[in-house]
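Here is a short briefing for a first look at this model. Please keep the sequence and the 3D view at hand while reading.

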Amino acid sequence: MNSEDVLKSASTLASYNVLLQVMFRVLTFLLNAFTLRFVSKELIGVVNVRLTLLYSTLVFLSREAFRRACLSEGSLTHHRWRLVINLLWLTLPLGVLWAALLGCVWLWLLEVPDPTAVPFYGPAVVFFALAGVQELLAEPLWVLAQAHMFVRLKVVAESLAMIAKCSMTVVLVVSARDWGLYIFSAAHVVYTGVLVLSYLVYFLHFLGSAEAKKKNFPLRSVRDLLPHSSDGEPLVDWTLARLTWSFFKQSFLKQILTEGERYVMTFLNVLSFGDQGVYDIVNNLGSMVARFIFLPIEESFYIFFAKVLERGQDVKSQKKDDVGMAAEVLESLLKLVLVIGLIITVFGYSYSHLALDIYGGSLLSTGAGPTLLRYYSCYVLLLAVNGVTECFVFAAMSQKEVDNYNLVMLALSVSFLFLSYLLTGWAGAVGFILANCINMGLRIVHSVRYIHRYFRSSPWTPLRGLVPAPLVLLSLCLSAVITAASESLFCCDSGWVWRLVHISVGAVCLLGVLTTVLLTETRLIQFVRTHLLPRYRTKKT
């Protein structure tokens, strides 16, 4: 597969991932709005913060390093797939180990919620841990699907799983409200079960089929999906295993940075379970765009950069065409996420109060809710830029550089925990967002310096993507002033007529910004049409 084909496949994967994440966020958005009417904010706080943290920690630490290593160029050639599959199956015993360790911590070392307000906490911990282990059963199949760009499989599998989870939650919330945490535990076990079953059914049908032979798929039978050895060959690729260990040390630190505020809330008890519930709802609402646009782009184009670039080699040691394409894609991605992030920051300030009032009523729109969402709108901009810069850096770094970066991540992790605790005492829940902003800014600085050094001796300057057109900046500044004035005049205590006026003002300003982008950022628009919107992609004959 040449660079053009890799870029085309990665772009298709990004497009489908975006659509998938849109559906996930919309369903979760509607599900939270629905459950807010039936369950307490304390129950939501325990589920969305503490139990979800248990699940995400278990799954992330068990598989993230394996994914990064096994999707790197060099591990995907046909003659090494047996070794890759064997290595990937190590995620299962690792997951069992993490489930046992984390389960003990969640059951016996953390504060137990009041059983009258949050019933069945102990069984819920067990079920969420089992759901994480169950999901790891599909890990070798997931890596196979990603490596061979089976883009529709992921969309279908995760769509079915999410629909099953939402359906189970709604039915149980309405019919068995007294079940407490059993409701969300059962729904989560169903989600991971449907996910694993979908991947398994697909590969049982695909292996040995005419389509598999046509695509020259490296595995022939179900037996090839299971761990096995051959005479005279090692059980796993030890070079790949060492790279996995390097990524594992990094993933441990990255998880602390990613879920840092939840760790602080869970282990330091800086907020009550009710306040944790409100913060998490605002956090999910604020991160919707980041999750359904920025994260899929990061995941998909990491695969592109990892396949096109040779890890650990400088620009002069690589194919000129491949490096040139990587630089152009990086510049366009930076410009894309920067423009989206700036739009979210500008309009998020003036529409946070209205959004929370519509979504959760006075429960969210009074108190610190609107302020939290305004700060989060600024954080999204940093989140967007960091996702793309680290996506490139992680694909280009050598193993030694990855190990060195672990020290940087360690320092950031320690500083983040300290800042979170310190700023939370000073600014309440807003302190979590401020600490995230500071740490994300430091990560961006590190990645930008690496990218600058990487392309210093080449004719390409992809960091130009971090500078939007002057007219775009002017339109954003005007929109910020106009929408802020509109909020103070029309929103949000004067009835729905004035709210609609405020919304109309924002719509006109947004249209003006988008028109300016279309007229000034022509290269960006061409990139989006060519590589992110499948219907605009030119088919090869």
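Helix H2 and helix H11 are oblique to each other, the class for angles that are not under 35 degrees (roughly parallel), over 145 (roughly antiparallel) or 65 to 115 (roughly perpendicular). This is a predicted model: local features need pLDDT of at least 70, side-chain atom pairs count only at pLDDT 80 or more, and totals for chains, interfaces and linings use all residues. Residues are numbered from 1 along each chain as its sequence is written, and side-chain values use heavy atoms, with hydrogens and water left out.

**H2 with H11**

- H2 covers residues 41-70 and packs against H11 at an angle of about 120 degrees, with the axes 10 Å apart.
- Axes are lines fitted to C-alpha atoms, for helices over the stretch in contact, and angles run from 0 to 180 degrees between N-to-C directions.
- Helices (H or I, at least four residues) are DSSP runs, numbered from the N terminus.
- The crossing of H2 and H11 is left-handed, meaning that the near helix is turned anticlockwise from the far one by less than a right angle; clockwise counts as right-handed.
- H2 brings Asn-48, Val-49, Arg-50, Thr-52, Leu-53 and Thr-57 to the contact, and H11 brings Arg-262, Tyr-263, Met-265 and Thr-266.
- Contact means heavy atoms within 4.5 Å.
- By class, this contact of H2 with H11 has four nonpolar, four polar and two charged residues.
- Nonpolar here covers Ala, Val, Leu, Ile, Met, Phe, Trp, Tyr, Cys and Pro; charged covers Asp, Glu, Lys and Arg; the others, Gly among them, are polar.

**H11 with H17**

- H11 (residues 260-268) also meets helix H17 (residues 399-427): their axes come within 10 Å and cross at roughly 60 degrees.
- H11 and H17 are therefore oblique to each other.
- H11 passes H17 in a right-handed crossing.
- On the H11 side, the contact is made by Gly-260, Glu-261, Val-264 and Leu-268; on the H17 side, by Phe-416, Leu-417, Ser-420 and Tyr-421.
- Five nonpolar, two polar and one charged residues form this contact of H11 with H17.

**H7 with H8**

- Helix H7 (residues 151-175) packs on helix H8 (residues 181-206) at about 155 degrees, with the axes 8 Å apart.
- That angle makes H7 roughly antiparallel to H8.
- H7 and H8 have a right-handed crossing.
- Their contact holds 20 nonpolar, three polar and three charged residues.

**The nonpolar core**

- The largest nonpolar core has 165 residues, and Tyr-199, Phe-203, Phe-305 and Phe-455 have the most contacts inside it.
- Such a core is a set of buried Ala, Val, Leu, Ile, Met, Phe, Trp, Tyr and Cys residues joined through side-chain atoms within 4.5 Å.
- Helix H14 (residues 320-360) gives this core its largest share, 21 residues.
- Beyond residues up to four places away in sequence, Phe-455 touches Val-315, Val-323, Ala-327, Leu-330, Phe-392, Trp-460 and Pro-462.

**Single residues**

- Gly-431 lies in helix H18 (residues 430-455).
- Gly-431 is buried, at 0% relative accessible area; buried means under 20%, exposed over 50%, and partly exposed in between (1.4 Å probe, protein chains only).
- Gly-431 and Glu-261 are 170 residues apart in sequence and 9.3 Å apart in space, C-alpha to C-alpha.
- Asn-86 sits in helix H3 (residues 81-88) and is buried, with a relative accessible area of 4%.
- Glu-328 belongs to H14 and is partly exposed, with a relative accessible area of 46%.

Key
Helices (H or I, at least four residues) and strands (E, at least two) are DSSP runs, numbered from the N terminus.
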